[in-house]
Amino acid sequence: MEKKPQDHGQNRAAHGEAGLHTDFKQNMTYGEYLHLDKLLTAQDGLTDHHDESLFIIIHQVSELWMKLILHELRAAISHIEKDDLQPAFKELARVTKIQTQIIHAWDVLSTLTPAEYMEFRSSLGNASGFQSYQYRMIEFALGYKTKHVLKIYEKDEELLSTLTEAFHQPGLYDVTIRKLARAGFSIDQAVLNRDVSTPYEPNDSVLVAWTAVYRDVDTYWELYQLAEKLVDIEDWLQQWRFRHMKTVERIIGFKTGTGGSSGVNYLKRVLDQYFFPELWTLRTEI
């Protein structure tokens, strides 16, 4: 017996989709809401090499994730300053989930072989991920600040102004240490009043405070949770840095980076940087 053509309209109705919207002449579409016309046409390569699309998309996706990380970090800093820790916990937990996505991006990029990358690498000129201003702003938000990096962005006065403002704002650890002080811990005034545009240096009074928190979790449960959220973020950031280093080594070996950095050697050095040093030291203390 010959089968009758399936009535897709009846099928939708049977599955409760009779009200499915198909006329968008006067209404906003999914693509319009997400500006897909701009997003999906922003992959203009400099060559016709097949793998340049991979290279561009991976970095663009990572920048979008970093934009969301900054959004969450700013909100968390604001909530900690207001002693409103519960929303901050959610925001910091989301940051760690985002970090896992960026780490997995390196798995995709690592499918690019040295021979393939060399066919279009020279077209990049001096453009490099080292120049990612959002990554710098994440470092600033986490408290790692080196003034010389601002020079990279002098070409764009508006961007430089934004970065300079972020450079002089207290980082996540600064507001967390101030929270320790408000909770009654004796924190050195030199730490509380320090120039937040300089790199943070470990301090004994901060170590004593955190050690007390970890030795009496029940009393300081919220501070303990906050500390572990910070450790999560630093842990995942270091894993991101490690995957970055290994992916670079896999693709270009020990060549100099396109931006002039020492490449893998530079990426290995930053693995030794700590954002929240006392939270790691106390693990030996307790």
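This is a predicted model: local features need pLDDT of at least 70, side-chain atom pairs count only at pLDDT 80 or more; totals for chains, interfaces and linings use all residues.
Q: How many aromatic pairs does the count come to?
A: A pair of aromatic rings is described by the distance of the centres and the angle of the planes. Rings pair here if their centres lie within 6.5 Å, and by this rule the count comes to 14 aromatic pairs.

Q: Is the aromatic pair of Phe140 and Phe167 stacked or edge-to-face?
A: The centres of the rings of Phe140 and Phe167 lie 5.2 Å apart, with 80° between the planes. Because planes over 60 degrees apart count as edge-to-face, the pair of Phe140 and Phe167 is edge-to-face.

Q: Which helices does the pair of Phe140 and Phe167 link?
A: Phe140 is buried at a relative accessible area of 2%, and Phe167 also counts as buried, with 2% relative accessibility. The two residues are 27 residues apart, so that the pair links distant parts of the chain, namely helix H7 (residues 133-142) and helix H8 (residues 157-167).

Q: Which helices are included in what covers the buried residues of H14?
A: Helix H14 spans residues 277-285, and its buried residues are Pro277, Glu278, Leu279 and Leu282. What covers these buried residues includes helix H9 (172-182), helix H11 (204-215) and helix H12 (221-252).

Q: Is Gln134 buried or exposed, and which backbone oxygen does its side chain reach?
A: Gln134 lies in helix H7, and it is buried because its relative accessible area is 10%, where buried means under 20%. Leaving aside residues up to four places away in sequence, Gln134 touches Glu63, Met66, Lys67 and Leu70. At 2.6 Å, the side chain of Gln134 reaches the backbone oxygen of Glu63.

Q: With which side chain does the side chain of Ser197 make a polar contact?
A: Ser197 lies in the loop between helix H10 (189-192) and H11, and at 11% relative accessibility this serine counts as buried. Not counting residues up to four places away in sequence, Ser197 touches Lys145, Phe167 and His168. The polar contact of its side chain, at 2.7 Å, is with the side chain of Asp195.

Q: Which helix gives the most to the lining of the largest pocket?
A: The largest pocket has a volume of about 1,100 Å³, and of the 41 residues that line it, the closest to its centre are Phe55, His59, Ser128, Gly129 and Phe130. Helix H4 (52-81), helix H5 (85-109), H7, H12 and helix H13 (264-269) each supply at least two residues of this lining. With nine residues, the helix that gives the most is H4.

Q: Which helix gives the most to the lining of the largest cavity?
A: The largest cavity has a volume of about 120 Å³, and 13 residues line it, of which Ile69, Gln99, Ile102, Ile138 and Leu237 lie nearest its centre. The elements that give two or more residues to this lining are H4, H5, H7 and H12. The one that gives the most, with four residues, is H5.

How values were computed:
Residues are numbered from 1 along each chain as its sequence is written. Side-chain values use heavy atoms; hydrogens and water are left out. Rings of Phe, Tyr and Trp (its six-membered ring) pair if their centres lie within 6.5 Å; planes under 30 degrees apart count as stacked, over 60 as edge-to-face and the rest as tilted. Buried means under 20% relative accessible area, exposed over 50%, partly exposed in between (1.4 Å probe, protein chains only). Contact means heavy atoms within 4.5 Å. A polar contact is a pair of N or O atoms within 3.5 Å; within protein, one must be able to donate a hydrogen and the other to accept it, and residues adjacent in sequence count only if both atoms are side-chain atoms. On a 1 Å grid over the protein atoms alone, a cavity is a set of points where a 1.4 Å probe fits but cannot get out, and a pocket is an open set with protein on both sides within 12 Å along at least five of seven lines; lining residues have an atom within 4 Å of a point. Grid points are joined across faces, edges and corners, and a volume is the space filled by probe spheres set on the points.
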